[in-house]
Structures are given as C-alpha cells and as structure tokens.
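Let's take a friendly walk through a protein model, stopping at a few places along the chain. Have the sequence and the 3D view ready as you read.

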Amino acid sequence: MAFKITNSQARALWLSTNGLGAAPTGPLDVAKMIRNLGFVQLDTIQVVSRAHHHILWSRNQNYREAMFDPLYREQRAIFEHFTHDASVIPMDFLPMWQRQFNRKRIQIEGYSSFKKRPDTEGRADIKARIAAEGALSTHAFSSKIEGEKKMWARPPHKQALDYMWYAGELATCYRENFTKYYNLAERVFPKHLREIELSDSEQIDWLCRAALDRLSFANTGEIQRFWDAMSAIEARAWAKTASFTPVQVQGADGTWLDALGTPDIEARIAALPAPSTRLRIINPFDPATRDRKRLERLFGFEYRIEMFVPAAKRRWGYYVYPLLEGNRFVGRIEVKAERAKDHMIVLNLWREAGIKWSTPRANRLEAELARFARLAGVSKIKWACDSTPKV
C-alpha cells in the first residue's frame, strides 16, 4: 500500500529538502550547499544579484558574492555544464556526467548549422591557442557572423567554443564579469575523476537516485527533468527496477497522485522541523520553484518568468520574485538594485488571493528587503509603489 503524504507534509518536505525549511543562518559551507542541491543554475541577468548568488544566499544569508569564484579558480570544487540550463555542478559528480557530454555533442551535431561550421580544423586551431596561451574567453577570437545576422546567431569561433564546451573537450575554469573563460578539459577536470569509467546504465542509475534523493518524492517525469541528462524513456525504465517507496502525494487542490518516494521517506517526514516564520524573497531560477508544474501542484502558486514577454503582455513584470513565508507563497515582488546609487527600488508588490497583509507580515518583508540589499551591497530601500500590496 502506498504511503500517503498530505499536502502540508509535502510542502514542508519539499522546502526542507531544498534547504528552505529552517532559518537561513548558521555555519556556512558553500560547496556543501551546492552538493545538497545537486546543481545551481547560472543566469546572465543581474537585477539585484545573479541567480546563483541569490539561490545560495537564500539558504544561508551569511553568503556573499565573493565566496563563489574561489570554488572555480582555486578549489576546483565545481564545474560548469548544462542541466536544463547552464549550471554549476559538484566536481566529484564528473564521472556520472560523461553521458551528458556525449548527449549534448550528438544533439549539436544534429543541428543543420553545425554542418557548415565549426569545422574540425577550426576547432583544433582554437584548442592549440588555448594550449599555448592558457584560458581564453570568446573575446580572444575575432571571426564574424557570415550573411544575415539573426537573433541568437553565433560567429564561427563562438559556435566552436560552445560545441567543445558541451562535448566536454573544453571546460570553464572561471568567469570574469560573468564572461566565461575556457581551458582544456584536462587542465580543469582532475585526473583521478577523468579516469573513472562507469557504464551508461550505471550513470543513469546514479543520476536517477541522486535526483530522487533531492526531490524526496517525484514522478518519473520530475526525475528525468531534474538533471535533464536522460530521456523520459530511460527514466521510466530505471523506475521499473529501482528501489523506492510507493507514495501518494496530496496536491494543493486536494487530489492525490502516485509517486516514487525515497526509501527513507517516512523518516524524513517524521524528522521535519517546524517551518521557519521568516519571509523570504526567492529567485525565479531557484530549485524550489524551477519546475512550475510541481510548484503549482504542491503550493497552488502559479508562477511564470516574463522577462522575454513583451512588456504590454506581462501579467506581473520583467523580473518578479516569489515571496515565501513558512510553507506557503504569500505574494510576489519586483525589485531592482542600482548599485551605483546605493539603493534598491521596490517597483511592485502583490499579495496572493486570500492572504491578509498584516503589519507583522509587512515588517517581515521590510527586514528581508534590508537583508537582500546587503547582498547587493546597497544600503537604502526606495519604494516606487504603494507598500500595501495589490492582489
């Protein structure tokens, strides 16, 4: 018989598994946080603080942006590659990531644009330069886009760098002002990890088990989407022979759905701490909110990123942050840091339907805004909207 998980338990367990159950304080171990999450997504947009900084800060507010780069440069504790998007991954996961290098290589080789460029000789020339000169960014090369310039078009050297990075021939060794610097993979990936050989089935088994461990409960689609390093067919085949606890999970609407639970799911629920009462500003790319279907099913919170939606068609705004309080999402906020002016501007504030915006809740938001401002290195908060939220 399936073990039943009520909606209240499911929400608490999901947040706790994601490091958002307890107050974001205490001893700080950045590498351990990334390991516990499995990966942390990178994003080019900096409205207040870049996604990876914000995600880590949400779990421990002693974190500061300067703590991230040493994990790349000196410690080699993480490497960068593509999950569902560009992300940093613990370095010792490298042996289980070989299939993803191969999958992305095959995928790119299937694109029609690859048939024209980058050619084998051009890629060899780029690797020879990096071998001789050390790590280089795309700015070290000067090939131009040929023909009509289209959105997302890449010059030949950028296509070559992308291809070799996806295939694992090159690796990111650090970033400067978020510009990626490429080096030969053997200079970045430790030799002892490169020499570990696992079969494809062993890699799939590890990836699926690691995903379920970081989800606590999930269907096979959620397991597949966690890393996006296998097909749905491969995830379903794994589930037929895997060891897990059958569970039924109650959604926010009261319905029950079958899922796979970790073998220790009952112990995890029994050990759940009381939820933190702190109100938190969550990044749009946070692991807890990334799977929008799961988010809506568990919390009844509909959330979409609208930065690529024309302004006139946006329901909320360009870069809007969910507001998490305890085990529920109580609203959303649009803020922007202007570091040169030493302030952060609150552009819009919304509460969820049915949420009363009490004075204590407003005070908790003010406290979180002050903490968020400190992460961005600014000292003042300016309100460009009414502090009473809209619905």
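## An enclosed strand

A residue counts as buried when its relative accessible area is under 20%. Keep that cut-off in mind as you look at this structure, which is a predicted model.

How many of the six residues of strand β12 are buried? Six of the six residues in β12 (residues 320-325) are buried, so this strand is largely enclosed by the rest of the structure. In a regular strand, side chains alternate between the two faces of the sheet. For β12, both of these faces are covered. On one side you will find V320, P322 and L324, on the other Y321, L323 and E325, and all are buried.

## The neighbours of β12

Strand β12 has partners to explore. Strand β11 (residues 279-281) runs antiparallel to β12, and three bridges join the two.

## Two helices in contact

Two packed helices are described by the angle between their axes and the distance between the axes. Now try this on helix α1 (residues 7-17) and helix α14 (residues 292-299): their axes come within 9 Å and cross at roughly 135°. That angle makes α1 oblique to α14.

Which residues make the contact? From α1 come N7, A10, R11, W14 and L15, while α14 brings R294, R297, L298 and F299. Sorted by class, the contact of α1 with α14 has five nonpolar, one polar and three charged residues.

After α1 comes G19, which has a positive phi near 75°.

## A stop in a loop

Finally, find A274, which is in the loop between α13 (265-270) and β11. Is this residue, A274, buried or exposed? With a relative accessible area of 65%, A274 is exposed, since the cut-off for exposed is over 50%.

A274 and F308 are 34 residues apart in sequence, and their C-alpha atoms are 38 Å apart in space.

Note on methods: Residues numbered from 1 in each chain as written. Predicted model: local features only at pLDDT ≥ 70, side-chain atom pairs only at ≥ 80, totals over all residues. Heavy atoms only, no water. Axes fitted to C-alpha atoms, helices over the stretch in contact; angles between N-to-C directions. Helix = DSSP H or I, 4+ residues; strand = E, 2+ residues; numbered from the N terminus. Parallel < 35°, antiparallel > 145°, perpendicular 65-115°, else oblique. Contact = heavy atoms within 4.5 Å. Nonpolar A, V, L, I, M, F, W, Y, C, P; charged D, E, K, R; others polar. Buried < 20%, exposed > 50% of the residue type's maximum accessible area, 1.4 Å probe, protein only. Pairing = 2+ DSSP bridges.
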